[in-house]
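Hi,

Here is the structure I said I would pass on.

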2 protein chains.
Amino acid sequence: MATTTGPRLEDIQEARARLEGVARTTPVYGTETLSERTGRELLLKAENLQRTGSFKIRGAVNKIATLSGKERRAGVVAASAGNHGQAVAWAAREAGVKATVYMPQDAPMAKVEPTKTYGARAELVGATFEDALTAAFEHGERTGATFVHPYEDEQVIAGQGTIGLELAEQVPQAETVVIPVGGGGLASGIALALRAVKPELRIVGVQAGLQGPTIADGIAVKHVGEHTGGILDSVLDDLISVSDDEICQAIVLLLERSKLVVEGAGAVAVAALLSDKAGGEGPAVAILSGGNIDPTVLISVMRHGLTSAGRYLVVRSRLHDRPGELIKLLSLVARERANVVSVDHHREGMDVPVYESEVELTLAMRDEHHCAVLLETLRSLGYQVERLR
Amino acid sequence: MATTTGPRLEDIQEARARLEGVARTTPVYGTETLSERTGRELLLKAENLQRTGSFKIRGAVNKIATLSGKERRAGVVAASAGNHGQAVAWAAREAGVKATVYMPQDAPMAKVEPTKTYGARAELVGATFEDALTAAFEHGERTGATFVHPYEDEQVIAGQGTIGLELAEQVPQAETVVIPVGGGGLASGIALALRAVKPELRIVGVQAGLQGPTIADGIAVKHVGEHTGGILDSVLDDLISVSDDEICQAIVLLLERSKLVVEGAGAVAVAALLSDKAGGEGPAVAILSGGNIDPTVLISVMRHGLTSAGRYLVVRSRLHDRPGELIKLLSLVARERANVVSVDHHREGMDVPVYESEVELTLAMRDEHHCAVLLETLRSLGYQVERLR
């Protein structure tokens with residue numbers, strides 16, 4: 001790993017042969033709605049439909065396939081709060097190799113459970129990823145198990161690169177390819193493959209906005225790797241970032257329009273194209289890198305995205321404190337065909353005058369126009385209405 | 001439509017040729033988790049990834065392709081609160097034919113908006129589907145537009161039957177095929193195709209439980225059609241039904257494990273297999289007929305499904321009414337690594353003694369075991385805890 005040239009085209013072609021019949025050749029879908037919104041043909045490479053729900057098995061399968069007999073018998077070990085752990089567990093099982101995966105204690109259920117299902121030993125240790133990493137290294141030294149790095153590894157990068165070879169065949173018309181960047185293994189592999197077979201292509205990497213926790217937890221590493229960083233410097237045309245808000249909207253659009261469940265990190269490429277940050281012209285491919293989002297998180301994301309789109313309306317109003325007033329308000333809301341999600345009705349609070357009560361309604365709406373019409377109707381009937389969201 | 005024999009194999013093969021390059025040949029996915037749960041190989045035919053998000057374009061495209069030049073110029077009209085309307089709109093646009101779609105006023109946004117996007121005139125009339133149907137008939141008589149029936153039509157049935165031909169090639173190992181039944185067009189078409197090419201196959205139809213509103217709104221018609229009913233009588237091995245609860249669980253599993261968004265009607269086949277109602281042995285194919293579920297509905301379904309699976313816990317407890325008690329409780333909950341979704345804290349109510357307050361917590365949990373551990377811990381520390389959900 002001293003050079004920054006990374007795996008050669010032949011390495012990636014060899015990886016592809018090893019993945020044959022093990023990993024899926026994932027489909028590419030066109031999407032009319034998203035193409036309209038971005039003003040260019042937008043194609044989705046659905047690695048969320050890959051086995052284990054992410055591209056990561058490509059690298060893991062290729063890595064394990066290149067171990068010696070002795071190394072195979074000693075097993076493999078990984079540290080991962082997510083997709084890489086599942087991928088190593090799955091790839092090891094397929095190859096008949098023992099795997100141990102270390103994760104922080106708070107790793108989401110959607111990722112812990114499958115790792116166990118795939119037959120790996122899952123060890124929940126410490127509060128941070130660094131704790132898990134330390135434990136995995138120690139495990140490797142103690143047992144002789146091979147540590148499978150999520151991205152700083154030629155065989156792993158070559159495995160991820162097989163996506164590039166598939167794309168070159170599936171979407172020969174593509175002029176821009178947009179790839180999520182976390183540690184940089186996925187983008188390095190795909191870009192190396194594509195630079196070799198379609199040198200004229202525009203290739204853009206996308207990171208999640210870097211401050212604080214992000215919905216794109218799958219790519220929330222502090223930096224790209226040293227090796228992958230060197231590769232990316234030489235093969236990417238641009239490296240951009242998107243906000244959590246943009247990512248949430250992309251997740252909801254993919255869910256609603258393309259019927260695909262995509263995790264935060266898996267949606268950054270679409271977010272970049274929707275916000276017109278990816279540049280270039282002509283048909284663009286967005287890599288949907290994975291779909292492993294915890295359903296409880298997905299609910300929050302959907303609520304957030306739907307509220308941004310005017311599909312939820314939260315309003316506060318005042319009622320005279322006498323029987324029937326709440327019914328009267330709710331009847332008006334029903335007449336305007338808004339659907340009540342929740343009602344919070346109370347009488348106390350600094351701002352609520354005596355003889356009045358305060359009501360907070362969360363409503364499911366058709367769109368922003370429907371919200372505006374309802375607010376106007378309520379105000380014209382004398383309600384003091386404050387829009388909270 | 002006097003016979004109950006339905007379209008012949010040649011009709012379905014002709015339909016397939018007409019759909020070539022227009023409809024997608026949708027993929028079939030294996031699913032490890034669902035195969036384990038059902039104890040047999042379970043394969044998913046992903047018609048939710050079909051253009052417009054459901055199988056319905058197959059029938060609509062085939063119907064419109066067989067119109068005369070004069071009929072094409074007069075346009076088409078349909079009544080549909082859902083997928084059929086979108087499909088007719090889309091198929092008409094692809095064929096350069098004018099379409100009008102009548103729907104009840106409360107048709108979900110997820111279905112109204114795309115119909116308009118596809119360039120059809122969308123008319124929202126009346127409260128029920130029957131109102132929309134009457135308006136569509138009248139429109140046809142007034143303008144000469146051809147009424148496209150959602151299932152009582154040989155060309156429509158032949159179009160849906162193309163799924164059967166694809167399946168015979170994609171999953172030759174299948175021994176059972178499970179198909180959602182609403183009006184019966186989908187099941188008639190697929191079963192006729194499969195009976196012709198794989199006569200030994202077990203073919204099962206699945207309806208949504210018949211009382212009251214159902215999450216499977218796409219198949220919530222009162223009866224299968226007269227014509228399709230006759231076909232189904234002769235080609236199905238069994239016709240069963242599933243409950244909304246079973247459907248919700250299937251939706252959540254497909255979302256979480258297969259990364260596929262499926263609507264209620266689209267999940268009934270999986271629900272039937274999970275609840276061991278479909279019968280037969282060996283590899284089974286479930287037809288995921290569509291993915292057009294309103295995101296606000298999907299949120300409710302997910303909450304319901306996750307609560308059933310112990311991933312949400314709602315508990316009520318009492319606190320001494322003095323500063324710091326709520327913090328103490330929340331600290332305990334955090335220490336047990338449960339994630340707070342909502343807190344409802346109040347002092348009034350018939351059952352709340354003076355000097356105590358009542359708190360209701362909604363918590364995101366790992367699983368049912370995690371719920372049990374938390375409840376036990378709280379009780380051992382002296383909290384009176386009532387589990388509400």
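The contact between the two chains takes 44 residues from chain A and 45 residues from chain B, where contact means heavy atoms within 4.5 Å. Together chain A and chain B bury about 3800 Å², and carbon and sulfur atoms carry 53% of that; buried area here is the accessible area (1.4 Å probe) that two parts lose on being put together, summed over both.

Before I go on: this is a predicted model, so local features need pLDDT of at least 70 and side-chain atom pairs count only at pLDDT 80 or more, while totals for chains, interfaces and linings use all residues. Residues are numbered from 1 along each chain as its sequence is written, chains are lettered from A and ligands numbered from 1 in the order in which they are written, and side-chain values use heavy atoms, with hydrogens and water left out.

Back to the interface. There are four salt bridges between chain A and chain B, a salt bridge being a side-chain nitrogen of Lys or Arg within 4 Å of a carboxyl oxygen of Asp or Glu. In one salt bridge, E32(A) meets R93(B) at 2.8 Å, N to O. Across the interface of chain A and chain B there are also 14 residue pairs in polar contact (both at pLDDT 80 or more). A polar contact is a pair of N or O atoms within 3.5 Å; within protein, one must be able to donate a hydrogen and the other to accept it, and residues adjacent in sequence count only if both atoms are side-chain atoms.

Which elements of chain A supply at least two residues each to the side that touches chain B? They are β1 (28-30), α2 (32-38), α5 (83-95), α6 (109-117), α11 (244-258) and α13 (295-308). Helices (H or I, at least four residues) and strands (E, at least two) are DSSP runs, numbered from the N terminus. α13(A) gives the most to that side, with seven residues. By type, the side of chain A that touches chain B has 20 nonpolar, nine polar and 15 charged residues.

Now for the domains. Chain A is assigned domain 1 (9-54 + 154-306), domain 2 (57-147) and domain 3 (311-387), with bounds that come from an automatic or database domain assignment. The C-alpha centres of domain 1 and domain 2 of chain A are 23 Å apart. In chain A, 28 residues of domain 1 are in contact with 18 residues of domain 2, and the area buried between these two domains is about 1800 Å², 56% of it from carbon and sulfur atoms. Two salt bridges are counted between domain 1 and domain 2 of chain A, as well as nine residue pairs in polar contact (both at pLDDT 80 or more). On the side of domain 1 of chain A that touches domain 2, α8(A) gives the most, with eight residues.

R58(A) and E47(A) form a salt bridge, with their closest N and O atoms 2.5 Å apart.

A few other spots are worth a look. The whole structure has 44 salt bridges over all chains. One of them joins D238(A) and R202(A), with 3.8 Å between the closest N and O atoms. D238(A) sits in strand β9 and R202(A) in strand β8 of chain A, so this pair ties together parts 36 residues apart in sequence. The cut-offs are under 20% relative accessible area for buried and over 50% for exposed, with partly exposed in between (1.4 Å probe, protein chains only).

R311(A) and E256(A) also form a salt bridge, at 3.3 Å, N to O. Here R311(A) is buried at 7% relative accessibility, and E256(A) is buried at 15%.

In chain B, D153(B) and K63(B) meet in a salt bridge of 2.8 Å, N to O, and both D153(B) and K63(B) are buried. Also in chain B, ten of the eleven residues of helix α12 (residues 264-274) are buried, so the helix is largely enclosed by the rest of the structure.

Cheers

Note on methods
Ala, Val, Leu, Ile, Met, Phe, Trp, Tyr, Cys and Pro count as nonpolar, Asp, Glu, Lys and Arg as charged, and the others, Gly among them, as polar.
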